[in-house]
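Please keep the sequence and the structure in view while reading.

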Amino acid sequence: MGCTIVPPELTSNTLFIYLVNTYITYPKDNKTPERAIVFLTDIFGIFPNSQLLADEFAKAGYLTAIPDLFQGDQISVADMESGKADLPSWLPKHQPANVDPVVEASIRYVRETLGAKSVGAIGYCFGAKYVTRLLMTKKVDVGFAAHPSFITHEELGAIQGPLSIAAAEIDSIFTTQLRHESENTLIKAGHPWQINLFSGVAHGFTIRGDMNVRIQRWAKEQAFFQAVSWFNQYL
């Protein structure tokens, strides 16, 4: 049985869920919301950009929880920008066998302990794969993925619920070809789906875009509205 530990040195919005460090943010004046989002991050894990975005989903009315998918072994933004990040060595340590238990424990906590009756999942880059994996087994009711990474056609074709995707025009991972193939896969899957393509932006624009660049700021904001609208419709 899992437990919740609240170390005194952490902020009030940070809890250990089933021994998973998790950032939780609530809608204003509502500590018992029935609708929740589990926010599955990119390789940078819980960092200010993801926390601020989670706060925005809370303002939109959704309890939002960000579990630490990497158990303290996230990639730092500084290492990525300086070229020090060793992704070929890092990625094998963070495959479904390692990540699925963290994600599933967080879903259980949100449903069973926090009392959410409807749960959606949102995934950025790395986290998007786990949105589809949750939808495959109906562990969540609806999903949203932004510039997804490493989703297989088998996973996408097996989803059992609505899925929306925000895609970047410039993306070496979710390429134009893969996007078109994904459209065909989603059609065959037979569930509500949506893919919005944003021009002039690259992989990562929804979480790490340059807010001083007008097109990047606009695309980030519109992708957020896309997600909220999707959850409002299906969650």
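## A strand between two partners

Which residue is the bridge partner of Ile37 in β5? In this model, which is predicted, the bridge partner of Ile37 in β5 is Thr64. That pair belongs to the pairing of β4 with β5, which runs in the parallel sense over three bridges. Strand β3, covering residues 20-25, is also joined to β5, but here the strands run antiparallel and four bridges connect them; Thr22, for example, has Pro67 as its bridge partner in β5.

Is strand β5 mostly enclosed or mostly open? Five of the five residues of β5, which spans residues 63-67, are buried, and so the strand is largely enclosed by the rest of the structure.

## A largely enclosed helix

Helix α5, made up of residues 128-136, has seven buried residues out of nine, and it is therefore largely enclosed by the rest of the structure. Those buried residues are Ala128, Lys129, Tyr130, Val131, Thr132, Leu134 and Leu135, where a residue counts as buried when its relative accessible area is under 20%.

After α5 comes Lys138, whose phi is positive, near 60 degrees.

## The largest cavity

How many cavities of 30 Å³ or more does a search of the whole structure find? The search finds two, and the largest of them holds about 80 Å³ of space. Its lining is formed by Pro148, Ser149, Phe150, Ile151, Thr152, His153, Leu156, Ile165, Phe174, Leu178 and Ser182, with α6 and α7 (176-189) being the elements that give two or more residues to it. When the lining residues of this cavity are sorted by class, seven are nonpolar, four are polar and none is charged.

Two of these lining residues can be followed further. Pro148 sits in the loop between β7 and α6 and is buried, with a relative accessible area of 4%; leaving aside neighbours within four places in sequence, Pro148 is in contact with Cys125, Ala128, Ile165, Ala166, Ile173, Phe174 and His203. Ser182, by contrast, lies in helix α7, and at 4% relative accessibility Ser182 also counts as buried. With neighbours within four places in sequence again left aside, the contacts of Ser182 are His153, Leu156 and Phe174.

## The second largest cavity

The second largest cavity has a volume of about 40 Å³, and the residues that line it are Leu53, Tyr124, Phe144, Thr206, Lys220, Ala223 and Phe224. Helix α9, residues 214-234, supplies the largest share of this lining, namely three residues. By class, the lining of the second largest cavity contains five nonpolar residues, one polar and one charged.

An unreviewed UniProt entry places the feature "domain: Dienelactone hydrolase" at residues 21-235. In the model, the end C-alpha atoms of this span lie 25 Å apart, and the span is 43% helix and 21% strand.

How values were computed
Residues numbered from 1 in each chain as written. Predicted model: local features only at pLDDT ≥ 70, side-chain atom pairs only at ≥ 80, totals over all residues. Heavy atoms only, no water. Buried < 20%, exposed > 50% of the residue type's maximum accessible area, 1.4 Å probe, protein only. 1 Å grid on protein atoms, 1.4 Å probe; cavity = no way out; pocket = protein on both sides within 12 Å on 5 of 7 lines; lining within 4 Å. Points joined across faces, edges and corners; volume = space filled by probe spheres on them. Nonpolar A, V, L, I, M, F, W, Y, C, P; charged D, E, K, R; others polar. Contact = heavy atoms within 4.5 Å. UniProt positions renumbered as here; feature names shortened; annotations may be inferred. Pairing = 2+ DSSP bridges.
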